Amino acid sequence: MTGIVTIYATFASEEEAARIARTLVEERVVACANILAPCRSIYRWQGKIEDAEEVPALFKVTAEGAPAALARIAELHSYDVPAAVVWPIEEALPAYAQWVVAETLR
């Protein structure tokens, strides 16, 4: 294991994804965020099938810092129940893993 993880989350708009990404990087909660192209999401919500465009983002953070990052995403997110999950990173270039750790030290 590398000691770093990726958090995958979806947002209602690119503007929301960018605002939250910038906040988390500025606060050193995460080292980096990649905002991806809009995607089409089909899901059940409150008994109805929804079909919506969302914007996914990937956040790089230490495994230790992931719970705080998830909490901060939830706090800043417009959804009642944000989709935000942690993906472990089994291998990474050592210099990259060190950079993630260094950028998230407070």
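Guide: The turns below take up a helix, its charged side chains, a strand residue and a surface patch. Please keep in mind that this is a predicted model.

Visitor: Which residues of helix H2 are buried?

Guide: Burial is read from relative accessible area, and a residue counts as buried under 20%. In helix H2, which spans residues 66-76, the buried residues are Ala66, Ala69, Arg72, Ile73 and Leu76. Viewed down the axis of H2, these residues fall within an arc of 125°, so they line one face of the helix.

Visitor: What covers the buried residues of H2, and which exposed residues does the face turned away from them carry?

Guide: The cover includes strand S1 (4-11), helix H1 (14-26), S4 and strand S5 (84-88). On the face of H2 turned away from the buried side are the exposed residues Pro67 and Glu75.

Visitor: How many salt bridges are there, and where does Glu75 find its partner?

Guide: Side chains of opposite charge can pair when their charged atoms come close. The count here comes to 5 salt bridges. Glu75 pairs with Arg72, their closest N and O atoms lying 2.5 Å apart. The two are 3 residues apart in helix H2 and are therefore separated by about one helical turn. Glu75 is exposed at 59% relative accessible area, whereas Arg72, at 19%, counts as buried. Salt bridges with shared partners join Glu27, Arg72 and Glu75 into one network.

Visitor: Which salt bridge does Asp51 form?

Guide: Asp51 forms a salt bridge with Arg40, with 2.5 Å between the closest N and O atoms. This pair links distant parts of the chain, since Asp51 belongs to strand S4 and Arg40 to strand S3, 11 residues apart. Asp51 is partly exposed at 44% relative accessibility, and Arg40 is exposed at 62%.

Visitor: Is Thr62 buried or exposed, and what does its side chain reach?

Guide: Thr62, in strand S4 (residues 48-62), has a relative accessibility of 13% and so counts as buried. Its side chain reaches the backbone nitrogen of Gly65 at 2.9 Å. Leaving aside residues up to four places away in sequence, Thr62 touches Gly3, Ile4, Val5, Val100, Val101 and Thr104.

Visitor: Which residues make the nonpolar surface patch?

Guide: Tyr43, Trp45 and Val81 make this patch, which has an area of about 280 Å². Trp45 is found in strand S3 (residues 39-45) and is partly exposed, with a relative accessible area of 35%.

Key
Residues numbered from 1 in each chain as written. Predicted model: local features only at pLDDT ≥ 70, side-chain atom pairs only at ≥ 80, totals over all residues. Heavy atoms only, no water. Patch = residues over 30% accessible without salt bridge, like charges linked within 9 Å, V, L, I, M, F, W, Y side chains within 5 Å. Areas by Shrake-Rupley, 256 points an atom, 1.4 Å probe, with all protein chains shown as cover. Salt bridge = Lys/Arg side-chain N within 4 Å of Asp/Glu carboxyl O. Helix = DSSP H or I, 4+ residues; strand = E, 2+ residues; numbered from the N terminus. Buried < 20%, exposed > 50% of the residue type's maximum accessible area, 1.4 Å probe, protein only. Polar contact = N/O pair within 3.5 Å; in protein donor to acceptor, adjacent residues only side chain to side chain. Contact = heavy atoms within 4.5 Å. Arc of directions from axis to C-beta.
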